[in-house]
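This briefing covers a few local features of one chain.

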Amino acid sequence: NMAKPTRIMMMGNPGCGKSTLLNGIAGEPLFLAGISADGGGYMPNIHESQPVYFGGGLFTLCDTPGLMDPSKKQETIRQVNVALKQDRETKLVFVTSLRNGRVVDEDATAIRMILEAINKESKRDVDDHFAVIINQLGDREHQKLVTDEKRLLGKVAVLLNETARTSHILCLPFVEELEEKNNAVPSRDFISQSRLVHFLMELPIIVTEAKKVKEITEQKISNANEEMMKLLRQLQSENNALRLRLESEHAERIKQARQRWNPQPTPMQMPTPPTQTPAEVCSVCHRPFGPTDTKVTDIYGRVRHLAEAQMGAMLAPHMCRPAAQFGMPGIC
C-alpha cells in the first residue's frame, strides 16, 4: 500500500478563517467557509482534500470543525478525536484571532486540549512541531505584532499557557473583500505576499499515533476553560497592578523633572517697614521733626529762643521750616 501523503491540518474555532486559508492554498473553494446562522461553523465534519501538489511536495489539506463550536459541541469533539487518532505525518497548524487586541480564551483552551491529547512521550516532541497563525488582524495590530517580536511572543505565550512552545508564528492581516463572502478564496497575490506556503513548507512534521492519543471529553474542556479563565483573571490583575505602578513612577519622574528645570520661585520678601517710633518734637516750637531732620540740640534751641526774643514773631516761622530749605541740617 502506498503511504498516505503528509496532511496539512488546520485547527481552530469557528470564524477564525482556517477554511478560507485552505481555499487560498488550494486556489479553489474546496472547503465550506463562513459562520452559519446558529453561530457555529459550516464545517460539521473532517474534510480532507485529494492530494495537492504545491511547494515542491504532495500534501492533503485537512479542515476540522471548531472544537469549541457551541452549536454542536459533542459532534465536534468526536470529529476532532477522529482527526487526531490517525497514524499520520501531519503539519499541525492552529489558526486563531485576537478580540480587542487580546487572546480569545476559547482558542487558548482548544489549543491546549489538542496538544495535551497528542500525548507525546515528552514535551520536547511537541515543542516547535506545530504552528500558530494569528489571522484577521487589523492594520494597526498587525503592524505592532510584525515589528515587535516581544509583543508577539507575549500573545503566543498566553495562548499556549506553557503547554508547549513554538517559533513558527505567522501574522496575517484582515482582508475586507473576504468578510462578506462564503467559501471565499483569497487571491494568489495575498497567498504569495503573506508567504503562507513558504511558512508551511518550513514547518516540521509531527507524527500522530492513534494508540497514544488521549480522548478529548466535554468535561476536560470544561475544566480547562475554568483553569484558563482563572489564569486570564490573574494575568489581568497583574497587568493592572503593573500599569498603575508604571503610571505612578512616570508621574513622579515628570514631577521631579519639572522641579529640576522649573524651580518654584521663592516668595518675594517685602522689606520690613521700619518700626514707627513716636514723632520727636522740637522742645522749643513743639513741632514734629521732618523725616530728614536730625534732632535739634540744645544750642539750636537757645538760638531759637534768642531769635524770638530779639527779632520777634516775624522771623520765627522761618526757623521752623525744613532744614534742607536753608542748608542747615538738624534744624527743624
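Cys16 is buried, because its relative accessible area of 3% falls under the 20% cut-off. The model is a predicted one, and the points below are grouped by topic.

**Cysteines**
- Cys62 is also buried, with a relative accessible area of 0%.
- The number of disulfides counted in the model is zero.

**Packing of α3 and α5**
- Helix α3 spans residues 105-118 and helix α5 spans residues 149-160.
- The axes of α3 and α5 lie 7 Å apart, and the two helices pack at an angle of about 65 degrees.
- On the α3 side, the contact is formed by Asp107, Ala108, Ile111 and Leu115.
- On the α5 side, Val158, Leu159 and Leu160 take part.
- Sorted by class, this contact of α3 with α5 comprises six nonpolar residues, one charged residue and no polar ones.

**Lys220**
- Lys220 is part of helix α8, which covers residues 218-261.
- The relative accessibility of Lys220 is 37%, so this residue counts as partly exposed; the class runs between the 20% and 50% cut-offs.
- Beyond its neighbours within four places in sequence, Lys220 is in contact with Met113, Lys214 and Glu215.
- Lys220 and Met113 are 107 residues apart along the chain, yet their C-alpha atoms are separated by 8.0 Å.

Terms used
Residues numbered from 1 in each chain as written. Predicted model: local features only at pLDDT ≥ 70, side-chain atom pairs only at ≥ 80, totals over all residues. Heavy atoms only, no water. Helix = DSSP H or I, 4+ residues; strand = E, 2+ residues; numbered from the N terminus. Buried < 20%, exposed > 50% of the residue type's maximum accessible area, 1.4 Å probe, protein only. Contact = heavy atoms within 4.5 Å. Axes fitted to C-alpha atoms, helices over the stretch in contact; angles between N-to-C directions. Nonpolar A, V, L, I, M, F, W, Y, C, P; charged D, E, K, R; others polar. Disulfide = S-S within 2.5 Å.
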